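Dear colleague,

Please find the structure below, handed over for your work.

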Amino acid sequence: MDKSLKAGIIGLGDSAKSYHLPSLLGNKNFSVVCGAEKNDSRRERIAQMFNIQHVYPSFEEMLGNEELDAVYVCLPNNLHFNAVMAALEKGIHVLCEKPMGLALREAKQMADKAKEKNLVLLPGYNNRFVDNFLQAKCMIEHGLIGNILKTNIFFMNPGPFISADPKSEWHFGRDNGGVLYDIGSHAVNLFLFITQEKIKEIRGSARAGYRHFDVLTNISCSFVTENNIIGSIDLAWGSGALLFELHVVGTAGIIIVNYNEIRHYYFGTDPIERFFDNLKMAKLEALRAIRKASSKIKAGIDYQRLTQNFFDVITEKIAPVSTVEDALETHKVLEKISDSLSIFF
Amino acid sequence: MKPVVVVKKITNRKNKDDIRCAMFSIFNTLMPYIELQKNSIIVTKINLCLLIGPETGGTVDPFLVECLVDWLQVNYSPKIIYIAESDATHLDADMAFKILGWQDLFNNQENVKLLNLSKDELVEVRLNGKFFKSLQMSKTYMECDYLVSFAKLKVHEDTKISCILKNQFGSLPERLKIKYHPWIKEVIHDLNKVKMPDLCLVDGLVGMERKGPIRGMPKPLGLIIAGNNPVSTDIACSRTMGFPWRTVPHLNYCYKKGLGPAKFEIMGNNYIRNFRFRFVPWYTRLIKAGISFLTLKRKDG
């Protein structure tokens with residue numbers, strides 16, 4: 001008898017196609033039984049690509065016709081709320097792509113609904129499952145860099161037009177949050193996860209860089225936390241390369257971490273030690289690349305772990321790695337940033 | 001006095017109540033083995049080598065010294081307790097007391113004072129030492145009734161470990177103590193002989209490995225080690241760090257010269273575990289040895 005959870009996907013765009021569907025299909029604990037997508041050609045294309053039995057033009061129809069255990073909400077940010085609330089109302093566990101709605105008020109309502117119904121609502125902050133970021137968190141918790149003095153977070157990528165399906169223009173809508181809610185949410189959430197610090201005050205500057213679109217594309221902020229740790233967050237769409245990097249400066253050392261490497265500097269670090277560290281890292285990267293290339297599951301390990309954690313939280317009631325509390329705290333910070341911005345066009 | 005060592009591991013090294021309980025438990029266990037009288041003048045020689053906090057593994061945690069002072073006040077009503085350190089190559093002790101928070105710690109205790117050994121009145125001490133025949137030492141330090149040495153559990157690039165015996169090197173009032181490094185074993189021996197610590201405490205809440213005593217990496221352990229003899233305590237420290245104590249030059253030397261026994265009793269219900277401290281990387285040591293060799297050759301040439 002098939003004991004896997006029946007899952008549906010709402011929104012068959014880029015995040016569903018590239019990340020969630022591959023990780024769901026590679027996980028024996030889930031069977032993807034249906035999907036919902038407004039765009040007709042995309043709906044048919046994805047259904048065929050991933051062999052999804054039933055696809056619907058709206059999530060309302062899907063939720064009305066299917067008996068599901070779990071649902072993934074992979075819609076544009078401003079559409080999260082209605083889909084999540086509808087799924088929770090039907091008694092279905094939800095994994096909602098970040099940033100879990102566009103307003104703190106909405107995110108709180110979703111969280112309250114999930115609590116009221118005793119259901120799992122998992123925010124899709126996948127970076128919490130990336131090996132290097134987990135290692136950095138461990139090192140900081142263990143005291144390897146002493147007390148944190150300062151943190152700098154950089155998240156730059158080519159932007160939604162290059163990395164996403166060109167037909168999907170929702171990122172350019174003013175009300176969809178721009179760079180702040182797209183990658184800023186990742187940056188803030190990861191900061192909360194790694195440092196366990198809460199941001200008290202933050203202010204920044206921004207630029208709307210795409211002509212004819214009133215959407216923020218570059219943001220730079222400074223903040224201070226409740227424990228007087230200062231730092232900065234820099235976000236940009238339109239950069240020539242992808243960079244998601246954290247610098248955590250402590251009284252006993254510095255950690256610089258991104259997807260590909262983690263560097264730990266302490267007072268006595270010398271060039272030869274760096275050379276041997278680089279060799280070790282190159283070896284690790286090579287092993288990861290081989291593992292990825294030879295894996296049958298095409299989703300990254302972070303999304304695979306996110307999916308597995310979703311299953312474990314539903315069935316074994318273990319604590320989630322990506323928590324609703326931190327998702328709400330992320331929203332608070334994003335709103336503080338938004339309120340503080342001086343905008344340059 | 002029977003040589004004893006107490007080792008205590010604190011599960012949650014960030015919980016101040018747990019730390020306080022552990023410290024008091026150690027002191028109470030050691031109480032029958034330390035000859036301390038009421039109303040004494042006590043000097044506590046701490047380890048502050050640089051302007052870095054205890055979380056780096058480099059300096060003694062002020063909270064631990066606070067626990068010591070509280071226990072002494074309750075049990076022995078001391079006349080006065082001095083928290084002492086001297087100036088060093090990279091350190092002004094008075095600056096360290098201010099910046100590292102020591103000055104604010106004992107504000108409401110009139111009988112607790114900070115003492116810069118380099119700025120105290122000096123007395124000449126005659127000594128049949130291995131290096132010194134006579135020494136200029138701090139008057140307060142030499143005339144105290146009871147000496148507590150409070151060290152850090154650290155690796156040392158030059159001496160292998162820096163615990164109780166090495167902490168006493170800092171009792172020399174001179175600032176540029178680095179000039180004694182070529183004869184470090186003998187100097188450490190003499191400074192422990194001229195005034196041997198009566199109570200030895202080692203802060204291993206966060207130790208230091210790699211390029212200690214100042215450029216190393218923190219080694220968070222949650223350990224406190226205490227004893228009533230510097231050689232025995234350092235042997236316990238060395239075993240904890242995973243270094244055979246005979247390979248620690250100054251420790252082996254002090255033992256051979258009769259400063260303390262190698263056999264001691266471990267009190268309480270803790271045992272000495274090897275925490276495998278990492279020493280200076282082999283390639284760094286090779287380069288350092290190479291540079292020393294070339295420097296010597298150039299001087300001879």
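Between chain A and chain B there are 9 residue pairs in polar contact, both residues of each pair being at pLDDT 80 or more. Please note that this is a predicted model.

On the side of chain A that touches chain B, α6 (131-142) and α9 (271-294) each supply at least two residues. The largest share, 3 residues, comes from α9(A). Sorted by class, this side of chain A has 6 nonpolar, 8 polar and 3 charged residues.

As to the extent of the interface, 17 residues of chain A are in contact with 18 residues of chain B. The area buried between the two chains is about 1,400 Å², and carbon and sulfur atoms give 62% of it. A:Tyr266, A:Phe267 and A:Ile272 supply 32% of the area that chain A buries against chain B, more than any other three residues.

The rule finds 3 salt bridges across the interface of chain A and chain B. One of them joins B:Arg210 to A:Glu273, with the closest N and O atoms 4.0 Å apart.

The second largest pocket may also be of interest. About 730 Å³ of space lies in this pocket, and 28 residues line it. Nearest its centre lie A:Gly146, A:Asn147, B:Arg13, B:Lys14 and B:Glu55. Both chains contribute elements to the lining: α6 and α8 (178-195) of chain A, and α1 (16-30), α2 (62-76) and β9 (199-209) of chain B, each supply at least two residues. By class, the lining has 11 nonpolar, 6 polar and 11 charged residues.

With kind regards

Notes: Residues numbered from 1 in each chain as written. Chains lettered and ligands numbered in written order. Predicted model: local features only at pLDDT ≥ 70, side-chain atom pairs only at ≥ 80, totals over all residues. Heavy atoms only, no water. Contact = heavy atoms within 4.5 Å. Buried area = accessible area lost by both parts, 1.4 Å probe. Salt bridge = Lys/Arg side-chain N within 4 Å of Asp/Glu carboxyl O. Polar contact = N/O pair within 3.5 Å; in protein donor to acceptor, adjacent residues only side chain to side chain. Helix = DSSP H or I, 4+ residues; strand = E, 2+ residues; numbered from the N terminus. Nonpolar A, V, L, I, M, F, W, Y, C, P; charged D, E, K, R; others polar. 1 Å grid on protein atoms, 1.4 Å probe; cavity = no way out; pocket = protein on both sides within 12 Å on 5 of 7 lines; lining within 4 Å. Points joined across faces, edges and corners; volume = space filled by probe spheres on them.
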